[in-house]
Amino acid sequence: MVFDIKKIRADFPILKRKVNGYNFVYLDNAATSQKPIQVIDSISDYYKNYNSNIHRGVHSVSQEATDAYEGARIKIQNHFNVKKSHEIILTSGTTHSINLVANGFLEILDEKDEIIISGLEHHSNIVPWQMMAARNGVKIKIIPIDENGDLNLNIYDSLLNSKTKLVFVNHVSNALGTVNPIKEIINKAHNVGAAVLVDGAQASAHFKPDLQELDVDFYTTSAHKLCGPTGIGMLYGKEKWLQKMPPYQGGGEMISEVTFEKTTYAELPHKFEAGTPNISGAIAFGVAIDYLNELGLENIHKYESSLLDYATEKLKSITNLKIYGESENKTSVISFNIEGIHAYDIGTLLDKFGVAVRTGQHCAQPIMDHFGISGTVRASLAFYNTKEEIDILFSSLKRAISMLS
Ligand SMILES: *Cc1c(COP(=O)(O)O)cnc(C)c1O
């Protein structure tokens, strides 16, 4: 397949708009991706044609909605190569998924146990564990990162022992783009009997992980990072863990029988899906997965790598520009600073020229502390970006620097 960038861009209505009089150059894809028309249309199609509550109606339209919702679960199952569809829990996103697991382990673990968190984590893979540890007394250990933004696996080895029960690592760092060696991290954890949760929020727009081959215990992502809508995501959990963990929220959908004396819970996956879910969101999540698969994740990865090389080389030619995160293995994220200029000022001026980047800590303050900085400018590229847009970033950046220095 040829990567027909013109045709691809035509699928994304927002890319045609102007910002502050300039063509909109969207380079904040690590915060959220843009949505193709297929995904947008699937949401209005649901509300126009078959809006109904699911799993409970005897009527035809409710059945149509249920089929579409459960069909999305199967698409997600197949995409991530998961054995059983009830191992896929539909959540509101990565943050919800991680809180669900942290709640699940609250009573399984106690003060004799240890957990390990990678130093590259997003706040949403740090704070829920700290909240859990404050209640059950678990000891938290951290895998440090080196100058390039890679995890120090020798220190990881020394942290693992028979008390280690859980390890948390992201597949790809949202702040630096580092792709972590998750297979190796998982194998080492399993050698001491620990389970691993991989936060795949930043990876799933770039890779198609095979969860059975990885043998990971938990994997999570948010649809909005991979061309789907906000407010929907998934948690994969091995059946044995999902059976062991208590429900996260109580309500409708998640019960089998309710009396005021005793309630029994529904089977998986419904045990973890209390209340009316985001039905249109789940359906659109499935459509987003179809869209990415039609383009081919390998084609996407190849195209984005060439964009990353082009952008990295161009930006490096700017004097006093320092890139943070230069792992051999990274996705199309460039985090940088210009010496003597605050990241926020650069971001504000780039916006004046229609270029959207993120500035600040990127929900990963420990990484910024590691480099001794308050934040960075982050340009994150997607498969619908172009070399021309990189050229605009470059010239706008030069303009901003000359105005600020
Ligand atoms: C975006 C992101 C999250 C949080 O995802 P939400 O959709 O906001 O819940 C967590 N981890 C990583 C690595 C992310 O990129």
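Guide: The residues lining the second largest cavity divide into four nonpolar, two polar and two charged. This is a predicted model, in which local features need pLDDT of at least 70 and side-chain atom pairs count only at pLDDT 80 or more, while totals for chains, interfaces and linings use all residues. Residues are numbered from 1 along each chain as its sequence is written, and side-chain values use heavy atoms, with hydrogens and water left out.

Visitor: What makes a residue nonpolar, polar or charged?

Guide: Ala, Val, Leu, Ile, Met, Phe, Trp, Tyr, Cys and Pro count as nonpolar, Asp, Glu, Lys and Arg as charged, and the others, Gly among them, as polar. The lining here is His 96, Leu 100, Tyr 248, Gln 249, Lys 271, Phe 272, Glu 273 and Ala 274. Lys 271 and Glu 273 therefore count as charged.

Visitor: Why is this space called a cavity?

Guide: On a 1 Å grid over the protein atoms alone, a cavity is a set of points where a 1.4 Å probe fits but cannot get out, and lining residues have an atom within 4 Å of a point. About 30 Å³ of space lies in the second largest cavity; a volume is the space filled by probe spheres set on the points, which are joined across faces, edges and corners.

Visitor: What is known of the largest cavity?

Guide: The largest cavity has a volume of about 130 Å³. Its lining has 16 residues, with Asn 29, Ala 205, His 206, Lys 225 and Leu 381 nearest the centre. At least three lining residues come from each of domain 1 (5-30 + 296-399) and domain 2 (40-293), with bounds from an automatic or database domain assignment.

Visitor: Where does the ligand sit?

Guide: The ligand sits in the largest pocket. A pocket is an open set with protein on both sides within 12 Å along at least five of seven lines.

Methods
A molecule sits in a cavity or pocket if more than half of its atoms lie within 2 Å of its grid points.
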